[in-house]
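The report that follows describes the secondary structure, the sheet and the helix packing of one model, with the cut-offs behind each term. Please read it alongside the sequence and the coordinates.

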Amino acid sequence: MNSPTGQDSLEAEALDDTATIVRLYAVTDGRTRARHHLALHTVLGPGRRSPRPGLAEESVRIVELCGQRHRPLAELAGTLALPVTAVSVLVSDLIDAGALAFPIPDRRSEDSDLQLLHAITAGLKRRHPNATAKAG
Amino acid sequence: MTQFPQPATRATAKLVIAGGFGVGKTTAIGAVSDITPLRTEEVLTTQSTATDSLRGIEDKTTTTVAFDFGRVGWDVPDPVELYLFGTPGQPRFWSFWHDLSEGALGAVVLADTRRLESSFPAADFFEQLGLPFVIAINRFPGTTPRTAVEIREAFDVDEQVPLMFCDARNADSVAGVLITLVQHIANTKSANSALLDA
């Protein structure tokens with residue numbers, strides 16, 4: 001992974017499109033569009049209702065993962081090794097069923113942005129006291 | 001179901017790590033991430049350039065692209081969870097680069113002196129998008145040193161764009177790049193609001 005010849009894991013080999021697409025259709029009953037707009041960074045947490053019995057294995061896993069900690073859509077897809085589109089469809093269904101929820105309201109102002117930027121700098125410096133930032 | 005402590009109050013932020021093939025994006029994300037970077041796939045449907053246009057048949061082509069995802073979080077001094085998204089090498093699918101950059105605060109354009117040009121499209125993309133970015137040159141052992149001035153000239157970006165050297169394998173080095181980026185975003189925002197106030 002650290003090889004200087006450049007083995008970026010995500011591009012090292014050609015992707016097997018067919019396998020991905022088969023998995024996509026298999027878990028979503030052929031649906032490729034989610035009802036909710038979910039971005040890759042949309043954070044999901046547990047909903048107020050327990051998931052109904054008889055859910056697909058993948059949906060059960062999603063509810064479990066979000067019950068452990070809040071997770072963004074991209075992380076769910078990567079963890080389950082499913083295409084983002086497939087996970088979006090499943091997550092949408094789970095939101096409608098009340099088994100998942102968006103825990104963090106996506107509202108931002110200029111001021112809160114600046115506060116967040118300062119919080120990131122402070123946190124990174126605390127974790128990496130030897131990190132040196134280039135001025136400007 | 002086991003309940004783990006919920007980092008429910010963590011504010012989330014998204015940063016993008018871009019650059020050409022093999023410049024060390026996955027390595028850089030792995031250096032600072034709390035989790036091993038996840039390779040995540042997305043399926044894109046594109047209208048293929050019709051070889052059959054005479055017959056009026058428009059073929060849809062389905063392509064899979066992959067990106068990296070990593071995250072790093074903390075609760076002190078302020079609870080934050082930082083999401084790191086590594087782009088596919090070339091911005092061949094512009095719509096997907098837009099999806100990856102949606103909601104991002106800023107980006108790192110990672111480059112390798114042996115093939116700087118492979119990272120030019122990433123710098124051009126963020127410049128056009130108006131998303132603040134920094135250029136970080138990943139030092140590979142045994143490469144011919146090039147000066148920051150030479151590299152900046154090659155990239156032909158605004159002189160406000162910070163440019164630095166780093167080691168993508170080293171957590172402190174990558175953290176330094178991220179701190180520089182976040183400070184640059186803050187400076188850009190302050191400068192913009194000063195302009196609006198004037």
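From the N terminus on, the elements of chain A follow the order α-β-α-β-α-α-β-α, which amounts to five helices and three strands. Helices here are DSSP runs of H or I with at least four residues, strands are runs of E with at least two, and both are numbered from the N terminus. The model is predicted, so that local features need pLDDT of at least 70 and side-chain atom pairs count only at pLDDT 80 or more, while totals for chains, interfaces and linings use all residues. Residues are numbered from 1 along each chain as its sequence is written, and chains are lettered from A and ligands numbered from 1 in the order in which they are written.

The three strands form an open sheet in the order β2-β1-β3 (chain A), with antiparallel pairing, where two strands pair if DSSP finds at least two bridges between them. The edge strands, each pairing on one side only, are β2(A) and β3(A). Strand β1(A) joins β2(A) in the antiparallel sense over two bridges, and A:V43 stands opposite A:P72 of β2(A).

| Strand of chain A | Residues |
|---|---|
| β1(A) | 43-46 |
| β2(A) | 71-72 |
| β3(A) | 100-101 |

Of the 136 residues in chain A, 40% are buried, a residue being buried if 20 or more other C-beta atoms, placed from the backbone, lie within 10 Å of its own. Helix α3(A), residues 73-80, is largely enclosed by the rest of the structure, because seven of its eight residues are buried; among them are A:L73, A:E75 and A:L80. Just after α3(A), A:A81 takes a positive phi of about 55°.

Contacts are counted where C-beta atoms, placed from the backbone, lie within 7 Å. Among contacts in chain A between residues at least 6 apart in sequence, 72% join residues at least 24 apart.

Helices α2(A), residues 57-68, and α4(A), residues 84-96, pack at an angle of about 70° with their axes 10 Å apart, the axes being lines fitted to C-alpha atoms over the stretch in contact and the angles running from 0 to 180 degrees between N-to-C directions. That angle makes α2(A) roughly perpendicular to α4(A), a term that covers 65 to 115 degrees. In this pair, A:E58, A:S59, A:I62 and A:V63 of α2(A) meet A:L90, A:V91 and A:L94 of α4(A).

Technical notes
Buried ≥ 20, exposed ≤ 12 C-beta atoms within 10 Å, placed from the backbone. Contact = placed C-beta atoms within 7 Å. Parallel < 35°, antiparallel > 145°, perpendicular 65-115°, else oblique.
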